[in-house]
Amino acid sequence: MSTKKFLLNENDIPRAWYNVVADMKNKPLAPLHPETKKPLTPEDLYPIFAKELVHQELNTTDAWIEIPDEIREQYKVWRPTPLVRASGLEKALDTPAHIYFKNESVSPIGSHKLNSALAQAYFCKKEGVTNITTETGAGQWGAALSYAAKIFGLDLAVYMVKVSYHQKPYRRSIMQTFGAQVIASPSMSTKAGRKILTDHPNYQGSLGTAISEAIELALQTPNCKYTLGSVLNHVMLHQTVIGLEAEKQMEMAGEYPDIVIGCFGGGSNFSGISFPFLRHKLTEGKEIRIIAAEPASCPKLTRGQFQYDFGDEAGYTPLLPMYTLGHNFAPANIHAGGLRYHGAGSIVSQLKKDELMEAVDIKQLDTFKAATLFAQCEGIIPAPESAHAIAATIQEALKAKEAGERKTILFNLSGHGLIDMAAYDQYLAGDLTNHEVTDEEVAQNLKEIEHIL
């Protein structure tokens, strides 16, 4: 019988995070101060983030950054995560491809987000911070940070995108169970929220809006820092534990992936699975395809423009070099709330620009079709976000079948969907629809941002 799961022990938890920027020939462009348009200094970011996180964010030279023992100790609660051979899915597709997935859904909160939440909470606590703020889309990040904040004794306020606040009440309950305060965004509690609600009273929110509110609260609250779950370099760094474990597990399986796939919102789980493998491409010239799977309704990598843009709607963040649909882009209310973000992080954007990775956009109904098949074959109901990676994996496996090639495909199952069953109910009842933006909408939106490049 063939092996289904490839398991590591606690001693195999990585001892350092991998910083892909150190190995990139073309480094990402520097983030800019929104007023002076000059490259950011660490001092510019100290009021917002913990100092150690700022240093990680701006580090372009060290390939390996040691993981503190206190964080590794917390990782032991669920790490290392399993690598699983998707033999049931292979059989259903009748494909010669070998399909593997890294199962990040086994964490206490059901997704990969805890890898960075624990790190960010730890570095805030180490600096003497007492309060932290954040935003969350589908609620996975908010749930992870709520748990991490409780572990390290921090008070947390979460601005949750309003449409998800109502679509996913149980994820809100998880955050509150761990002791976090959860506010539907946009709200009347911040200047940014009040302005948006005044201009658009029925606006259902976006990650960009929630980020604005969380940063504003952090800047106005004594001894408080802002944290976030994706987009920035230090978040990508923390997530590389996923791919570093997967490297060892693929060796156990006696294979090496031809293709690595992750769903894509701001880039956290995608970077986590792909950057350690991309290292071999950058340093050894290894042939490997890296694919980001994003929603057709929020297609920044496939149809956005490479430009400096804000990471939030109100313009509180630094200007980041990114593929963007414009920081004022209002994404459709799809159920993959974690992917409803207007831009891509600067590292991923540079890699895409240099053609070191690819991107595909997936329609909402195709993701749920893929998710349902995966659940029936492998027994795990995936999060709607992760279903984008599954749909892209199925596409590649069917291409391999058509070409008669035995490709090895690795994807990241970034989270389970057991708290997203309302979305599955709608899909099974035939009540879900596809949402796609037109070229005209994209062009019009991009006209409204400042063109620095």
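About 350 Å³ of space lies in the largest cavity. Start there. Keep in mind that this model is predicted.

**Stop 1: the largest cavity.** Select Lys 113, Ser 230, Ser 268, Gly 338 and Leu 339. Of the 30 residues in the lining, these are the closest to the centre of the largest cavity. Now colour the lining by class. It divides into 17 polar, 10 nonpolar and three charged residues. Next, show the elements around this space. Strand 6 (131-136), helix 6 (140-151), helix 10 (207-220), helix 13 and helix 17 (384-403) each give at least two residues to the lining.

**Stop 2: the second largest cavity.** A search of the whole structure finds five cavities of 30 Å³ or more. Select Phe 49, Leu 232, Thr 317, Pro 318 and Leu 320, the closest to its centre among 17 lining residues. Which classes make up this lining? It has 14 nonpolar residues, two polar and one charged.

**Stop 3: the largest pocket.** Move on to the largest pocket, which holds about 290 Å³ of space. One part of its lining to select is Lys 191, Ala 192, Lys 195, Ile 196, Asp 199, His 200 and Tyr 203. By class, the lining has five nonpolar, four charged and two polar residues.

Stop 4: Switch to a cartoon view. Seven strands form an open sheet with mixed pairing, in the order 1-4-5-15-10-11-14. Where are the edges of this sheet? Strand 1 (5-6) and strand 14 (358-362) stand there, each with a single partner strand, so one side of each has no neighbour in the sheet.

**Stop 5: strand 10.** Select residues 259-263. This is strand 10, and five of its five residues are buried. In a regular strand, side chains alternate between the two faces of the sheet. Look at each face of strand 10 in turn. Ile 259, Ile 261 and Cys 263 lie on one side, Val 260 and Gly 262 on the other, and all are buried.

Strand 10 pairs with strand 11 (residues 289-295) in the parallel sense, over five bridges. Pick Gly 262 to see one of the links: its bridge partner in strand 11 is Ala 292. Follow the chain between these strands. From strand 10 it passes through helix 13 (residues 268-284) to strand 11, a β-α-β crossover that is right-handed. Helix 13 is also among the elements that line the largest cavity.

Strand 15 (residues 408-413) is another parallel partner of strand 10, with three bridges. Pick Val 260 here; Leu 410 in strand 15 stands opposite.

**Stop 6: helix 12.** Finish with residues 241-253, which form helix 12. How far apart are its end C-alpha atoms? They are 18 Å apart, which agrees with the 18 Å that 13 residues should span at 1.5 Å a residue. Now show side chains. Val 241, Ile 242, Gly 243, Leu 244, Glu 245, Ala 246 and Glu 247 are among the buried residues of helix 12. Gln 249 and Met 250 are buried too. Last, select Gly 254. This residue follows helix 12 and has a positive phi, near 75 degrees.

Key. Residues numbered from 1 in each chain as written. Predicted model: local features only at pLDDT ≥ 70, side-chain atom pairs only at ≥ 80, totals over all residues. Heavy atoms only, no water. Buried < 20%, exposed > 50% of the residue type's maximum accessible area, 1.4 Å probe, protein only. Helix = DSSP H or I, 4+ residues; strand = E, 2+ residues; numbered from the N terminus. Pairing = 2+ DSSP bridges. Right-handed = clockwise from strand over helix to strand, strands pointing away. 1 Å grid on protein atoms, 1.4 Å probe; cavity = no way out; pocket = protein on both sides within 12 Å on 5 of 7 lines; lining within 4 Å. Points joined across faces, edges and corners; volume = space filled by probe spheres on them. Nonpolar A, V, L, I, M, F, W, Y, C, P; charged D, E, K, R; others polar. Expected span 1.5 Å × (residues − 1).
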